[in-house]
Amino acid sequence: MTPTSTPTLEVVTTTERDAARALADEIAELVADGRRRGRSAVLGLATGRSPLALYEELARRAREGTLDLSDAITFNLDEYLGLPADDPRSFRARMRATLFERVGLREDRTHVPRCDLRTAEAALHAEIYEREIARAGGIDLQVLGIGRNGHIGFNEPGSGRDTRTREVELARETVEDAASAFGGAGGVPRRALTMGIATILEARRLRVLAFGPGKREIVRRTLEEGIGPAVPATFLREHGDARLYVDAAALGARL
Ligand code: F6R
């Protein structure tokens, strides 16, 4: 791995596989450290393609008996709104299949915003979600991907630095990118619940994953554009312990 850095976002150029190993090591240390101190490690998680190699690595270690994640507490970044509670396309269902069931994480230790709420209920649920994060002692390490338009969580362009968990409308690019999972863009939910930028920046460590040529332009913008709501991922540069894992394809000309 070759560490380089911008002022506050450490960039680690590596392979997707080595990033998964490094991050799994860091998570294992957090869990072990929590146990020594008699508290649960609190992990912030993302869905999407970017963290899949990490979840695969965590599942492999759990299967081989070298990692026990069962006493961790998790909070996912976001969830679609407007789906039945047990919809297989919900982020909750995807997290079960890609991680929770494979590492023995009991459902009551995992938090994913609900997908089956109407607007009035969603606002209260969002408030409670923030309180639950606080009650758990805050997030030790938040895993993130970056959307093609620079969103983190579902904080689409225009989302401010002080936003908290709330209902949002998905941007056109986000709907397009989700189309294949919903049989076309017309089937994609238009609204979602997401942790806010302020919620994300309160996590003690941020670990961001971006691989492949499709991420090249947004990685460049995240690192180079002025910090602000036009590219919400630029706010990651204001965090004191944020690390971006990229492969050579995503870093492009900056190598
Ligand atoms: C997912 C999430 C999104 C994704 C982003 C990148 O929970 O919050 O911000 O991280 O859209 O998606 P992938 O990894 O599929 O490229």
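What follows is a chat about helix packing, nonpolar cores and a few loop residues in a predicted model.

Student: Start with the helices. At what angle do α1 and α2 pack, and how far apart are their axes?
Tutor: In this predicted model, helix α1 covers residues 16-36 and helix α2 covers residues 52-64. They pack at an angle of about 55 degrees, and their axes are 8 Å apart.

Student: What about α2 and α3, at what angle do they pack?
Tutor: The angle between α2 and α3 is about 25 degrees, with the axes 8 Å apart. That makes α2 roughly parallel to α3, because angles under 35 degrees count that way.

Student: Left-handed or right-handed crossing for α2 and α3?
Tutor: Left-handed: that is how α2 passes α3.

Student: Which side chains of α2 are involved, or rather which residues?
Tutor: On the α2 side they are Leu52, Tyr55, Glu56, Leu58, Ala59 and Ala62. On the α3 side they are Met95, Thr98, Leu99, Arg102 and Val103. By class, the contact of α2 with α3 has eight nonpolar residues, one polar and two charged. Note that Leu58 is in the contact with α3 and also in the contact with α1.

Student: Now the core. How many residues are in the largest nonpolar core?
Tutor: There are 40 residues in it. Those with the most contacts inside this core are Ile27, Leu45, Leu54, Leu58, Leu69, Tyr80 and Leu99.

Student: Which elements supply at least two residues of this core?
Tutor: The helices are α1, α2, α3 (91-103) and α5 (172-178), and the strands are β3 (42-45) and β7 (141-145). Of these, α1 gives the most to this core, with seven residues.

Student: Ile27 keeps coming up. What is Ile27 in contact with?
Tutor: Leaving aside neighbours within four places in sequence, Ile27 is in contact with Leu43, Leu54, Leu58, Leu69 and Leu141.

Student: On to the loops. Where does Arg204 lie?
Tutor: Arg204 is in the loop between α6 (197-201) and β10 (205-210). With a relative accessible area of 40%, Arg204 is partly exposed.

Student: What does Arg204 touch?
Tutor: Not counting residues up to four places away in sequence, Arg204 touches Arg39, Gly137, Gly138, Ile139, Asp140, His239 and Asp241. As for distance, the C-alpha atoms of Arg204 and Leu77 are separated by 15 Å, and the two residues are 127 residues apart along the chain.

Student: Pro88: buried or exposed?
Tutor: Exposed, with a relative accessible area of 64%. Pro88 is found in the loop between β5 (78-81) and α3. Apart from its neighbours within four places in sequence, Pro88 is in contact with Ala93 and Arg94.

Student: And Arg49, where does that lie?
Tutor: Arg49 lies in the loop between β3 and α2. Not counting residues up to four places away in sequence, Arg49 touches Glu16 and Phe211.

Student: Last one. Which helix holds Leu124?
Tutor: Leu124 is in helix α4, residues 119-135. Leu124 counts as partly exposed, at 49% relative accessibility, because exposed means over 50%. Leu124 and Glu238 are 29 Å apart in space, C-alpha to C-alpha, and 114 residues apart in sequence.

Technical notes
Residues are numbered from 1 along each chain as its sequence is written. This is a predicted model: local features need pLDDT of at least 70, side-chain atom pairs count only at pLDDT 80 or more; totals for chains, interfaces and linings use all residues. Side-chain values use heavy atoms; hydrogens and water are left out. Axes are lines fitted to C-alpha atoms, for helices over the stretch in contact, and angles run from 0 to 180 degrees between N-to-C directions. Helices (H or I, at least four residues) and strands (E, at least two) are DSSP runs, numbered from the N terminus. Contact means heavy atoms within 4.5 Å. A nonpolar core is a set of buried Ala, Val, Leu, Ile, Met, Phe, Trp, Tyr and Cys residues joined through side-chain atoms within 4.5 Å. Buried means under 20% relative accessible area, exposed over 50%, partly exposed in between (1.4 Å probe, protein chains only). Angles under 35 degrees count as roughly parallel, over 145 as roughly antiparallel, 65 to 115 as roughly perpendicular and the rest as oblique. A crossing is left-handed if the near helix is turned anticlockwise from the far one by less than a right angle, and right-handed if clockwise. Ala, Val, Leu, Ile, Met, Phe, Trp, Tyr, Cys and Pro count as nonpolar, Asp, Glu, Lys and Arg as charged, and the others, Gly among them, as polar.
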